[in-house]
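Thanks, everyone; I would like to take a few minutes on one side chain and its surroundings, and then step back to the whole chain. Please have a look at the model first.

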Amino acid sequence: MKDNINPSHYKSHPSGVECIEITEHMDFCFGNAFKYAWRAGQKGSAVEDLRKAVWYLERAKPTRSIRGISKVTLRAKMFMVSRFETDLLKRELLTAIWRMTLTRGDFLLNKTVALGIADKMIENALSKPEGGA
């Protein structure tokens, strides 16, 4: 039976980590940016998901937004995600968003990196014959 509440594109990562295991500990903008970057290309248009991620990234404010979980546990989950993510740009984007949530000092640098990676991913998706669908 199809699960419309927690569909497979959020829980089928080869790491075994579900998207919600990370995003539930982030502030709203970070969590949504991470979610859309995570599912890009797995549900509908990759370009649309990446543009949504950018929209949230542009609104993100520097804050210590990790809550309800130890940083060690969250780092372990992110390590698993980055270790098993085969799309190198997606891995870098997810890592940059995650880093934005942890460090105030490097916030603007990580934001710039994340936005640059998202732009490159959008450009790559648009250059495909199917237009990133």
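The side chain of Lys90 reaches the backbone oxygen of Trp38 at 3.0 Å. Before I go on, this is a predicted model, in which local features need pLDDT of at least 70 and side-chain atom pairs count only at pLDDT 80 or more, while totals for chains, interfaces and linings use all residues. Residues are numbered from 1 along each chain as its sequence is written, and side-chain values use heavy atoms, with hydrogens and water left out.

Lys90 sits in helix α6, which spans residues 88-102; helices here are DSSP runs of H or I with at least four residues, strands are runs of E with at least two, and both are numbered from the N terminus. What is the nearest side chain of opposite charge to Lys90? It is Glu85, 5.0 Å away, and Lys90 is buried yet has no salt bridge, where buried means under 20% relative accessible area with a 1.4 Å probe, protein chains only, and a salt bridge requires a side-chain nitrogen of Lys or Arg within 4 Å of a carboxyl oxygen of Asp or Glu. Leaving aside residues up to four places away in sequence, Lys90 touches Ala37, Trp38, Arg39, Ala40, Gln42, Glu85 and Met121, contact being heavy atoms within 4.5 Å.

Turning to the whole protein, there are seven helices and zero strands, and buried residues make up 44% of the 133 residues. Of the contacts with a separation of 6 or more, 69% join residues 24 or more positions apart.

Notes: Buried means under 20% relative accessible area, exposed over 50%, partly exposed in between (1.4 Å probe, protein chains only). Lys and Arg count as positive and Asp and Glu as negative; His and the chain ends are not counted. A polar contact is a pair of N or O atoms within 3.5 Å; within protein, one must be able to donate a hydrogen and the other to accept it, and residues adjacent in sequence count only if both atoms are side-chain atoms.
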